[in-house]
Amino acid sequence: MQGSSPHQYPPADPLPDFHQTDPGPNELDPGPNEPDLGPNEPYPGPNESNPGLNQPAHELDDIKVEHHPHSQIPSTVHRFSEFSRSCPTEDYVPRNDSPWEPFRTRLDFEVAEIALEAAMTKDQTNRLLNLIHRSASGNDTFTLQNHDEVRSLWDLASQRYTKFQNDTVSVPLGNEVREFDMHYRPLWDWVLDLLRDKRLAPHFVFDAQRLSKFNGERFVRFIDEPWTADAFWKAQSQLPPDAKPLAFILYADKSKLSSFGSQKGYPIIARIANLPVHIRNSNTALGGGRVVGWLPIIVEDQEHAKKKNYVDFKNAVWHTSFYQLLASVAKHSNTGYWFECGDGIRRHLWPLILILSADYEEQCVMALIRGLKGKFPCPVCLVPQDEQSILRTHELRTSHQSEDILRTARSKLSEKEKEGHLKAFSLRNVENVFSRILHVDVHRALSFDRLHTNEEGLWGDHLWKEVKFWILDLGREAAVKLDKNFDELPRWPNLTHFSSVIAVDFTDGSVLGDLSKMIVFAAQDILTSSHCKLGQLLLRCIHYYIEFDIYVSLEVHTEDTIAAGRLALQKFSEMMDEYIAQSHPETNKNWNFPKKHLVSHAFDDILAKGVTRNYSTKPNEKMHGSLRKIYLQRTNFKNVASQILHYDEWLLTSTSMRTELDELDKYNQRDTCDPETNEALDDSNAGTSESTTIHAHLGSRQGNHSFSDIMHLHGTDRAFTDFRMKLNSFLNGFLPQNNIPLPDGR
């Protein structure tokens, strides 16, 4: 394409001289040829054909508008009081009498507008549209008038479940007493809500079990749920013969609510170990995890920061606040509580705290130990700080021991002696709230946390960083090759695919877990014995770590898998001892940290409390996301705890009501849909006595059963309501139709 010559423009007018003197008074009167301007019309300026003729006078604050010459719009002058950037208004006639198009109707647009503003998902939008169509068809009546009515109805509906309370907690600090708000649902009242629910009643297990499977030679014990493990069995053995353990699983941890961490929450989440894992570990269904408390967060005081007394004070606030939640449970832990459950059976229930699920930092608060820098940094046993990297058995802590140490320390005359005695066992001068509950040992309740100990801890913070150290030590080509190897690994369902890893900081525990499963395959041709001897030794360590982690993650354990898992842990530890000794001169890394040691308790916890998903922090940490969403979308960012918990009450109520509605719909549709194909049946004869359509489903031959046997087996199944009458009606139609004589000719 050929270019063209630029246009030749005349030189632009010079900028006006704003310091020029005003025109004389004789020039103010408009001549006969000047237009008669209205009060809102801009004055066009001097007569261009005769600039010296009839020039208007300017007033103070007049506005002159000069347009670019290319616009070919003449300059104008406006009085200050009349100047406006807006266009002159006239009687406006809408240019479109259906501005909601391409939506078919105005209502269509307004509903879509609400869905857009609320950022509804596809499923939520479909549900809203379905409700509107139902209302329009006349099948349902819609009576809600406004948002306030909706709120009041949610408040009314949420009365069916235990509501949150707010108490003030007072804790002394030196010569002053500080107060904090503690929001909580009384834990005992919360669990009674679950126990009286008829939908959950068939799923509760109140008696300990020991399960085993015959392998052709002997019965091999297997463990999965908490009631199949040893701690549940032991707890029931300590109770009166008619008592049933009611086992709680409690979790607590701080969480960032705002993007920059300026606003935090401190939820306590409860689950019931007597329910199966598919119900217990759900976070939306009734019977799953539920926020039952909101601990106060103490703002760091620079005057007292990092002082021992202030650290003890913060721990005292935690335990004093937590007791508000546990008080109702503590009362019944001495005598038990008779209660008629949802299945109509009265049981002598005995509460106990079976599992405490938390990361290491929170476990230190729960156990009231001094943490990383203490002489004995493990909340479970008395491993010396400088022996944490060695796999070895140590004396276990017990609550009785910790209480005796605290009593002895408080009997000392001087603060120095008191502090010395507590420091010798890495304990704090605070009374533990869990000691108020009978049959609870806090050190036994604390449980191995695979997410923070393995995936994010031992692997994510240590082994993976060691891999990157040796890869980068080999140079850029090794780093590029590792990324390429990861990218070329085949894709697998439920396994993260990585296109690059070296320059990425991974924070998600599940992603880090996937990374650990693939690293040996991706790095085996880079960290070779000829190029990096220590790197290859590290890969051998990781190989045994992965084997150990796989055993830890199993959802069912047997005696054999636990023995194999212990052997894998032993091999991993031996290999790590060799790597630590050889790599220390180059890396200078200290491997004496708690997460290197905590793995030694993994299989003891499996034997005591079942498989690791029973006490995993993953289901609880997922709930932080929903709390953060409530904070961002449903609060005014002030005094957020009460607002978040109020909305959480509505969510619980909504979940329960939705479950009941779904069950009702399913029940009402039982005669209108084929149970095998889920297709609608021909209902032309429905409701008439002539209807003889029979839907039978064949199975294995059944034995003889009396009516009482059938009602006993299926008494909770609504399909068997009025079973005798239904069977009589069926036989009266079926037998004559098929030429089968009625019994005794009747």
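Me: Quick one to start: what relative accessibility does threonine 721 have?
Reply: Threonine 721 has 42% relative accessibility, so it counts as partly exposed; here buried means under 20% relative accessible area, exposed means over 50%, and partly exposed is in between, using a 1.4 Å probe and protein chains only. This is a predicted model, in which local features need pLDDT of at least 70 and side-chain atom pairs count only at pLDDT 80 or more, while totals for chains, interfaces and linings use all residues. Residues are numbered from 1 along each chain as its sequence is written, and side-chain values use heavy atoms, with hydrogens and water left out.

Me: And where does threonine 721 lie?
Reply: Threonine 721 lies in the loop between helix H21 (707-713) and helix H22 (723-737). Helices (H or I, at least four residues) and strands (E, at least two) are DSSP runs, numbered from the N terminus. The C-alpha atoms of threonine 721 and methionine 711 are 8.8 Å apart, and these two residues are ten apart along the chain.

Me: How many helices and strands are there in the protein?
Reply: The protein has 22 helices and 14 strands. Of its 746 residues, 40% are buried.

Me: Let's do helices then. How many residues of H4 are buried?
Reply: In helix H4 (residues 187-195), eight of the nine residues are buried, so this helix is largely enclosed by the rest of the structure. Among the buried ones are Trp188, Trp190 and Asp193.

Me: What do the buried residues of H4 pack against?
Reply: The partners are strand S7 (243-252), strand S10 (267-272), strand S11 (290-294), helix H7 (308-332), strand S12 (337-340) and strand S13 (346-357), where contact means heavy atoms within 4.5 Å.

Me: You mentioned H7. Which residue there is exposed, going by its 56% relative accessibility?
Reply: That is lysine 331, which counts as exposed because its relative accessibility is 56%, and lysine 331 lies in helix H7. Lysine 331 is 143 residues from tryptophan 188 in sequence, yet their C-alpha atoms are 9.6 Å apart in space.

Me: Why is H8 largely enclosed?
Reply: Helix H8 (residues 360-367) has seven of its eight residues buried, so the rest of the structure largely encloses it. Its buried residues, including Glu362 and Gln363, pack against S7, H7, S13, helix H11 (442-445) and helix H17 (594-598). Just after H8 comes leucine 368, with a positive phi of about 60°.

Me: New topic: at what angle do H13 and H14 cross?
Reply: The axes of helix H13 (residues 476-488) and helix H14 (residues 509-523) cross at roughly 115° and come within 9 Å. Axes are lines fitted to C-alpha atoms, for helices over the stretch in contact, and angles run from 0 to 180 degrees between N-to-C directions. On the H13 side, Leu482, Asn485 and Phe486 meet H14 residues including Leu515 and Met518. By class, this contact has seven nonpolar, one polar and no charged residues, with Ala, Val, Leu, Ile, Met, Phe, Trp, Tyr, Cys and Pro counted as nonpolar, Asp, Glu, Lys and Arg as charged, and the others, Gly among them, as polar.

Me: And how far apart are the axes of H14 and H15?
Reply: The axes of H14 and helix H15 (residues 533-553) are 9 Å apart, and the two helices pack at an angle of about 145°. Among the residues that meet are Lys517 and Val520 in H14, with His543 and Tyr545 in H15. This contact has seven nonpolar, two polar and one charged residues.

Me: Strands now. Over how many bridges do S3 and S4 pair?
Reply: Strand S3 (residues 165-173) and strand S4 (residues 176-184) pair over nine bridges in the antiparallel sense; two strands pair if DSSP finds at least two bridges between them. Glutamine 165 has tyrosine 184 in S4 as its bridge partner. The two strands make a hairpin with two residues between them, and glycine 174 in the turn has a positive phi of about 65°.

Me: Which side chain does arginine 178 join in a polar contact?
Reply: Arginine 178, found in strand S4, has a polar contact of 3.3 Å with the side chain of glutamate 176. A polar contact is a pair of N or O atoms within 3.5 Å; within protein, one must be able to donate a hydrogen and the other to accept it, and residues adjacent in sequence count only if both atoms are side-chain atoms. Leaving aside residues up to four places away in sequence, arginine 178 touches several others, including Asp301, His304 and Tyr310.

Me: Last one: in what order do the three strands of the open sheet come?
Reply: The order is S5-S6-S14, with antiparallel pairing. Strand S5 (211-214) and strand S14 (557-558) are the edge strands, each pairing on one side only.
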